[in-house]
Number of protein chains: 2
Amino acid sequence: MVNIGIVGFGNLGASIEKCLENFPDINLITVFTRRKPDSINSKVKVDKFENIDQYETEIDVLILAGGSQKDIPEQGPQLIRNFNTVDVFDNHAEVKQYYTKMNKIALENNKVAVVSTGWDPGLFSLERTLADAILPKGNTHTFWGPGLSQGHSDVVRRVPGVKYGAQYTIPNKKMLDEARQGKKIEYSTATAHQRDVYVVLEETADSEEVSDTIKNIPDYFAPYQTNVYIISEEEFFANHQGMPHGGTVIRLGETSQQVKANFEFNLNLSSNPEFTASVSLAYARAAARLAAEKNYGAKTVLDIPISYLSSRTKSELLAKYI
Amino acid sequence: MVNIGIVGFGNLGASIEKCLENFPDINLITVFTRRKPDSINSKVKVDKFENIDQYETEIDVLILAGGSQKDIPEQGPQLIRNFNTVDVFDNHAEVKQYYTKMNKIALENNKVAVVSTGWDPGLFSLERTLADAILPKGNTHTFWGPGLSQGHSDVVRRVPGVKYGAQYTIPNKKMLDEARQGKKIEYSTATAHQRDVYVVLEETADSEEVSDTIKNIPDYFAPYQTNVYIISEEEFFANHQGMPHGGTVIRLGETSQQVKANFEFNLNLSSNPEFTASVSLAYARAAARLAAEKNYGAKTVLDIPISYLSSRTKSELLAKYI
């Protein structure tokens, strides 16, 4: 059994508890929160974040389920002193810096830090690296969606006149199909995706003004084909409460001159936080094994053999999974 | 630089040499053959298999490119005494026994044996295990093709009256599409595939008799929807000399009750032997690294971190691939 704690109980933290039923070898000891423990709807013990060090001997691995902007960069380097950790740090541009910091402290304290799990970064990182290693000649493209983007939805909700909003990232199906057929594509993040925005207006708001404002937000919307749909509050609560997501990593490679090889990985997820939670749970298993082997330091998904994620025995894997 | 030797120079051995241009950090020293060295069309030195032990100090990793029925089970346990090896042993039912044998001898001799690389077993094994670990609740299905099956083509060619023959395995597109849509499918190898056979007849052969004989071969054809097409020798040599292949691993999972998560991996390969060669070359890199770390014994694709397959530095992987 691997005894875990969850740090933070937003969408991801709650999903980790929910998905645990699929991981019978993992035992949730405590949820840690900076909110009032009484306000947390968990089936296990909830304690204040400030009490966490009392659990040092009881917990094998902490899963850091907070945000990547402030929570994880602050909590990771603190918690890795006393705990093995798994996190979902997802700021691609800062992974290297974060990894380096975590690696140093983990090594000093004989701990394991599995950083940037989830699916992107995470499984997509793994597939991109695998495709690149096997097909050194080629181009890798990532298509995100169809799916709800939390970050873009937040931006929409900050536009004056918007009462509720949800943003879906939609991959360019024509381009993706062309890639699948082995055709060369003119990929850029903006040409490969469109953005569909569903908005409930404040009573006094002007629909055209809100729509124009959204479409012209630099970086987030301006470079993209953006569609804004004004909907009723009723429709919003009926159809836009889910958090589906997914995407595709595709490498158009050549094994030799003009001999094509297409490598493709797809995820189609009804619940982004639940899948991310499931990935972090499998890596919690890996973290416990690495710690048991005294293989300390920070690890990414690229550093950990796939067998470490599985609860199956070596014998079973050899007999049925190879 | 990793110095390699290739043992066996059929389709796979020749493809390894051809694909080397994409692996500038791998250097081919010698091709070993049991045929006459003069008869081998290689750009590098070709030597007799019986002289192989003379290369012990020169070669870091041998890639065993022979057949899985007789060559590899015989050569592997012999060669692992003096060399690190990578092989493409592909008999699923016997992987465990072969691994166990190779592991024992590798450990006794401080060598690394990477067994059963390629794509199935190989990458498909890796994806099946990954999907199963992250989505413990669900069903994994493997669809092979569209592609040329060497084994089935051999069986066709042994039917009396057949001059030339090629067999293509075609996945059931309707079933695959249903799986992609998250529908539950009634998968069996036979319902999930059909077999298209292209045959050139001997002059005296009866087309209906040949067709019936093929369709009724137990295990290979009888359980499948099998189509036999009689074609001219001209058409055969124009259209059936390639070795395309590929396939799909798909897991229909649930992260929690009724919450679906689809995980899918696809390969679409113009040349099966060239892609298999490319996979074995990436694992030759890994074998050399494992040996340098004195991490001896037999390893499968499940035991080796993805970063070991890549020629990129840790810093580059962290900055650009995570």
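Predicted model: local features only at pLDDT ≥ 70, side-chain atom pairs only at ≥ 80, totals over all residues.
1. The axes of helix 2 (residues 71-79) and helix 3 (residues 95-108) of chain A come within 9 Å and cross at roughly 20°. Angles under 35 degrees count as roughly parallel, so helix 2 of chain A is roughly parallel to helix 3 of chain A. The crossing of helix 2 of chain A with helix 3 of chain A is left-handed.

2. Have a look at the cis peptide bonds too. In chain A, the bond from A:Asp120 to A:Pro121 is cis, with omega near 0°; A:Pro121 sits in the loop between strand 6 (112-114) and helix 4 (123-134) of chain A. Over in chain B, B:Gly145 and B:Pro146 are joined by a cis peptide bond with omega about 5°. Here B:Pro146 belongs to the loop between strand 7 (138-144) and strand 8 (147-148) of chain B.

3. Which residue other than glycine has phi near 70°? That's A:Gln258, with a positive phi, in the loop between strand 12 (245-256) and strand 13 (259-269) of chain A. A:Gln258 has 63% relative accessibility, so it counts as exposed.

4. B:Asp219 also deserves a glance: its phi is positive, near 65°, and it isn't a glycine. You'll find B:Asp219 in the loop between helix 8 (207-215) and strand 11 (225-230) of chain B. Buried or exposed, at 63% relative accessibility? B:Asp219 counts as exposed.

Technical notes:
Residues numbered from 1 in each chain as written. Chains lettered and ligands numbered in written order. Heavy atoms only, no water. Axes fitted to C-alpha atoms, helices over the stretch in contact; angles between N-to-C directions. Helix = DSSP H or I, 4+ residues; strand = E, 2+ residues; numbered from the N terminus. Parallel < 35°, antiparallel > 145°, perpendicular 65-115°, else oblique. Left-handed = near helix turned anticlockwise from the far one by under 90°. Buried < 20%, exposed > 50% of the residue type's maximum accessible area, 1.4 Å probe, protein only.
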